[in-house]
Amino acid sequence: MSNAMYNKMWHQTQEALSSLLDKESQKMMEPQRNQVFIFQMLATFYIKYVQIFRNLENVYDQIVHPQKRILIRKILDAVMGRILELKNEMVELELTEFHYFDDILQDLKLAPKYQVKPIPLEEAVKLIQIAERARQGRLRAMFMKQIYLQEYRAKQARLLGDKVADVSAAALRIQKVWRGFHQCKRTEREREKEMIFLGMNPPPLFNEVSAAMIQADRLSHLRNKVQIKHEEEYRDALVTIKDDLKLTEGPDIKENLQDQIRHWFIECRNLTGTFPDYPNEEEGGSALIFSNKTPQQVIDDIIASQDEEEKTKKKKKEKKEKKVKKEKETKETKEKNKQEEDEMWKMSPSVFLHTMEEGNSVYKDLWKNKDESWNFPQDYDPELIKEDKRKELESEIRVQVDELMRQELKNLKLAVSREKELPARQGKKKGGKKKNKKKGRKGKKDKDLTVDRTIESLYKELVEEGLLIQALKVNLSDYIGEYSYLGTSLRQVSIEPMPSLLDVRQLITLYGILPLGSAAVHEKAPLVKSLLLAGPSGVGKKMLVHAICTETGANLFNLSAANITGKYPGKSGLQMMLHVVFKVARTLQPSVVWIGDTEKTFYKKVPHAERKMEPKRLKKQLPKMLKLLKPDDRILIVGTTKRPFDAELQPFCKAYQKIILVPRPDYASRYVLWKEIIQRHGGVITDTLSVSCLAKITDGFTQGHIVQVVKEVLTERRLRQQSHKPLTALEFVASLTSMNPVYQEEEDSFKVSAAHVSATKACHTRHLHPPLSMHLDSALSSEIWKCEIWGPQYLLALAIKHVSSKS
């Protein structure tokens, strides 16, 4: 794709963003009551922003113009932040981390979804009967045809004689065999085409990279090289163009500034009778007066301010009388409005909308209709650099001019007034400022326990202690799974669906990768300091932790209970360990602090075998660590657990801000997993290998089980035999028999734990504790197994019901 095509994509994306901003500004002003309508609105905005984000990401990756990329990156960060804000709105609205948009995607025609209209049972039975009778009729007709042909051949043989019969029978046999063979091949080809058309089988040469893809990949790499080259030239031009402007235009700028300020001195003297006070350097100097104004405008402002002073004196008296009347009226209206506002939902204000609108206006003013016929290679635009550098140069020269003009103003005042007390007063003012500066220096700072040590030495120490480990090179795309297409349908019948693997992957992107990858997004977006991944063994929790580090380039610190055993003993040692870890993590951010088997940190009761390990060392320190993290600290604490039900609930909820349930794979995810993992390990999938059969019989098995089975079966010897002995499903079944799956009861316990924790957090955020969070256990044990709804909204309602019944 050429630069012109990427420019066109950028223009189309900006138009889509502009229309979306207009729609959102209208919707934000409209308070709503219907929760379903609110979610539909938020989800629609969310999906459209994700589309814009993907297009901008592609454009930013491939456009080579350095100045365009600066603007695109600014808008891209704002779009990422808005996506996180909308996600946070949906979480607060529905009290769940997982959301399903299959119905909205269908309405927007963005994803395929196959639906079957429900029919009555009697009609369904009738259809099945019709189909079965038709099948039996076809079979009966075929048998009768064969009997008829046999009788006909026998009759012909008797009429024509033995010799002729033998020749014709032989010819018929030859024709029959050839036509049968020919028709079988034709049928196989047609069936293969049909399966490819339906998407059940991959097209030919599916796994081979086409020449067009190779060429596109090569051009992409070349464009990245050009991008780097243009960036370097742009940085060099920033320095050289500024130096040239300083030589050519610097003296003129200095002279014009001095003339403006002198003109201001004289006009103020003529209007007010005295010379004005010169603004301090801290206030901005003369820029405070002449910011985007001509000298005549400054004079007009002085005259207008004098007139306003006289008018304000008259208005003050009138306002005092009106205030008393208004206060009585507003008290009554406020009480009514409060009751209405409590019932109405209104979208919270966004931090990123202003940035997007600002970037969009810059695009419209500068790039939308810009003629770039002269700039075919898409190098930097020197005129734009000159405009920016003129402002920068003017601000630098203004500081020098202010120093000269302050002295000139001082001399003018001395010459006119001939007062000797003025220097003494100025000296007192200067002395007063020094005192303020001294006061500003006094401030309490956090104690640095390693002031005399370098970051390199601390880094080395953590590596040697095994607290700073190397993250595995795992991309998030390696976490294979499929979407949940029935999420909305299940929720419509009051069943909370089990999240799919790609739902989990999406949350990892939103809460882990986007904030850590962009400092601007992390600083302004809803802050997520800690994340908990809960799920049975083998579902890829550790893999997701390593994927976060790989995608963001983050350092990985391992503070698992087993890993810190015996290291930095005692309270002072623990304090030193955490100080060193977070000091290095802040300096070399982004960073991920991983706490594996985090339920051990919050044990209800420590097992006797683990008492020597001291698993609860971080229990009191973890909340303190979270409080110390600020929005500009790109540090994420990630905990992983396979037994969350062993943890004490209250501190567990406080420590982890977001809880993500990582489930065992469903049928669709298992089907994709089997195909992908077999191919990655060198296996060839043919018609003899039924992947759907493997996906069906491995219900309850995790990704770890599937990988282990594939490694056991696909040995080097078996891979060499594939050409004459294709793979079959039976080979993989034998290895599965020795493994224990994740049973439904275990998965349900994870689901209940996740919902329980979410409901408890909802109690905390809505200030309903105590007593609601205390009654969740008893409410769960008495009624949770009677209902198929597992969501935190239901648990919250269940707790409220339990409390009201007790009271």
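Select strand 2 (residues 530–534) and strand 6. The two pair in the parallel sense over four bridges. Pairing here requires at least two DSSP bridges between the strands. Strands are DSSP E runs of at least two residues, helices are H or I runs of at least four, and both are numbered from the N terminus. This is a predicted model: local features need pLDDT of at least 70, side-chain atom pairs need 80 or more, and totals for chains, interfaces and linings use all residues. Residues are numbered from 1 along each chain as its sequence is written, and side-chain values use heavy atoms, without hydrogens or water.

Now pick Leu-531. Opposite stands Lys-658 in strand 6. Stay on strand 6, residues 658–661. In a regular strand, side chains alternate between the two faces of the sheet. Lys-658 and Ile-660 sit on one side, Ile-659 and Leu-661 on the other, and all are buried. Buried means under 20% relative accessible area, exposed over 50%, partly exposed in between (1.4 Å probe, protein chains only).

Next, go to Gln-67 in helix 3 (residues 66–94). Gln-67 counts as buried because its relative accessibility is 9%. Its side chain reaches the backbone nitrogen of Asp-381 at 2.6 Å. Show the residues that Gln-67 touches: Tyr-234, Trp-367, Tyr-380, Asp-381, Leu-384 and Ile-385, not counting residues up to four places away in sequence. Contact means heavy atoms within 4.5 Å.

Last stop: Met-142, in helix 5 (residues 121–160). Met-142 is partly exposed, with a relative accessible area of 41%.

Note on methods: A polar contact is a pair of N or O atoms within 3.5 Å; within protein, one must be able to donate a hydrogen and the other to accept it, and residues adjacent in sequence count only if both atoms are side-chain atoms.
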